[in-house]
Amino acid sequence: MIEREVIILKIKVDSQLYKYNIYIGNNIYKTLNAYIKEYNDKKILIITDSNVSKIYLDSILKSLKNFKIYYYIIPAGENSKSLEMAGRIYNKLLREKFDRQSLIISFGGGVVGDIAGFVAATYMRGINLIQIPTTLLSQVDSSIGGKVGVNFNNIKNIIGSFYQPKKVIIDIDTLKTLSERDTKSGLAEIIKYGIISDYKLLNLIHNINDISEMDSKLIKLLIKRSLEIKKDIVKVDTFEKGKRKILNFGHTIGHGIESLDNFKRFKHGEAVALGMLSEAYISKELGLISIEYYKEIKQLVKKITQDNIFTQQEKEVIMENIKLDKKNMNENIVFILPISYGKVKIYEDKINEGLIKKSLGGDI
Ligand SMILES: NC(=O)c1ccc[n+]([C@@H]2O[C@H](COP(=O)([O-])OP(=O)(O)OC[C@H]3O[C@@H](n4cnc5c(N)ncnc54)[C@H](O)[C@@H]3O)[C@@H](O)[C@H]2O)c1
Ligand SMILES: O=C(O)C(=O)C[C@@H](O)[C@H](O)[C@H](O)COP(=O)(O)O
Ligand SMILES: [Zn+2]
């Protein structure tokens with residue numbers, strides 16, 4: 001018996017209603033044909049990466065054998081999120097004569113989702129997009145909400161747009177092949193949801209001692225709760241003019257950490273976890289949260305990564321990156337800071353650069 005549940009997500013954007021279904025279930029990827037019937041006469045480009053394709057591409061092509069299917073495999077990893085990679089995919093679309101009625105399916109993690117979404121948003125000023133996230137992080141975060149984009153000059157997501165998918169298909173079975181490190185990376189964004197919106201979520205994470213112990217019931221609960229939190233925020237502030245900024249907690253510093261060693265040292269979730277620790281430290285130092293709550297956040301971050309020592313030069317690189325954050329206003333760094341259990345605020349007051357650098361210390 002294939003379990004299928006549907007959460008209906010309705011986003012009202014500029015008086016246009018974007019409503020898209022998020023399908024969550026098991027054993028879906030082998031029956032994708034049932035989810036994309038309306039595209040059976042359209043050209044479809046599946047974008048995936050070099051790891052995911054080895055495991056899943058044959059099954060997907062088999063299930064879609066009666067469709068006009070093409071595929072493009074990008075090298076796995078953050079450095080595929082580039083304008084150069086987007087250009088290569090545009091060439092593929094032009095060579096195969098894709099038109100505005102065509103469809104791009106993103107089948108992979110957040111890197112695939114962001115670059116595929118960026119290409120779908122920009123090729124012919126927009127063609128259809130379906131997100132099929134295959135990492136915990138992309139299933140709880142990147143596959144919904146419409147942020148798409150690429151890195152440029154070693155700056156995270158500095159080129160991009162907001163572009164909603166036509167549907168999101170989440171097959172929890174694809175998480176069975178995910179590495180422990182990438183599973184932990186996804187947990188970081190769930191910890192984020194706990195700190196910004198639902199403190200009870202953190203108890204579920206505290207109780208996870210061994211990642212392989214996470215059964216599918218817990219995973220589905222974490223995914224559904226995460227998506228509900230993100231959906232409710234994106235619905236009221238799709239273009240991140242206000243409230244949606246809270247989804248960026250941990251990212252002001254996290255993106256700077258992630259850019260180290262040309263995005264090779266840290267996974268996104270690891271960098272965001274360290275960013276959440278630093279930003280919680282700043283909050284504690286400003287007297288916004290108790291030392292006990294700060295210590296609890298530190299305990300959770302340590303579940304994701306222990307690597308938190310930066311050289312003086314790395315701290316300078318991180319600081320320069322923070323100054324380019326997209327939330328900043330009039331050259332003032334804007335942080336999202338915890339103010340109580342499960343609650344954060346958009347903090348626009350100037351924060352002493354010395355305190356920000358101190359928050360990067362391995363002894364915090
Ligand atoms: N657009 C958004 O709202 C949003 C939100 C959060 C993160 N992001 C972006 O997402 C990216 C991080 O996403 P990610 O953590 O999914 O990284 P990722 O896409 O690099 O995937 C992580 C690794 O897992 C492999 N993989 C993917 N699915 C697999 C599977 N089912 N089995 C085995 N291996 C698999 C990939 O090949 C890769 O090596 C970052 O670029 C981040 O900026 C975007
Ligand atoms: O959806 C959002 O809004 C987020 O901030 C989600 C983040 O987890 C994600 O990493 C996002 O891509 C970061 O956004 P950016 O605008 O800082 O690039
Ligand atoms: Zn993130």
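**The ligand shell and its setting**

Reply: Over residues 72–184 the chain is 34% helix and 30% strand, with the end C-alpha atoms 28 Å apart. The model is predicted. An unreviewed UniProt entry annotates residues 72–184 as "domain: 3-dehydroquinate synthase N-terminal".

Now the ligand. There are 27 residues around ligand 1, and those that come nearest are Asp49, Thr134, Thr135, Lys156 and Thr177. Sorted by class, this shell holds 10 charged, 10 polar and seven nonpolar residues.

For threonine 177, a polar side-chain atom lies 2.7 Å from a nitrogen atom of ligand 1. In the case of lysine 81, an N or O atom of the side chain is 2.9 Å from an oxygen atom of the ligand. Lysine 230 also has a side-chain N or O atom facing a ligand oxygen atom, here at 3.3 Å. On its own, ligand 1 has 870 Å² of accessible area, and the protein covers 91% of that.

As for secondary structure, two or more residues of the shell come from each of α1 (50–63), α3 (110–122), α4 (136–142), β8 (155–162) and α5 (180–196). Of the elements, α1 gives the most, with four residues.

The shell also draws on two domains: domain 1 (4–177) and domain 2 (180–358) each supply at least three of its residues.

Note on methods:
Residues numbered from 1 in each chain as written. Chains lettered and ligands numbered in written order. Predicted model: local features only at pLDDT ≥ 70, side-chain atom pairs only at ≥ 80, totals over all residues. Heavy atoms only, no water. Near = heavy atom within 4 Å. Polar contact = N/O pair within 3.5 Å; in protein donor to acceptor, adjacent residues only side chain to side chain. Areas by Shrake-Rupley, 256 points an atom, 1.4 Å probe, with all protein chains shown as cover. Nonpolar A, V, L, I, M, F, W, Y, C, P; charged D, E, K, R; others polar. Domains from an automatic or database assignment. UniProt positions renumbered as here; feature names shortened; annotations may be inferred.
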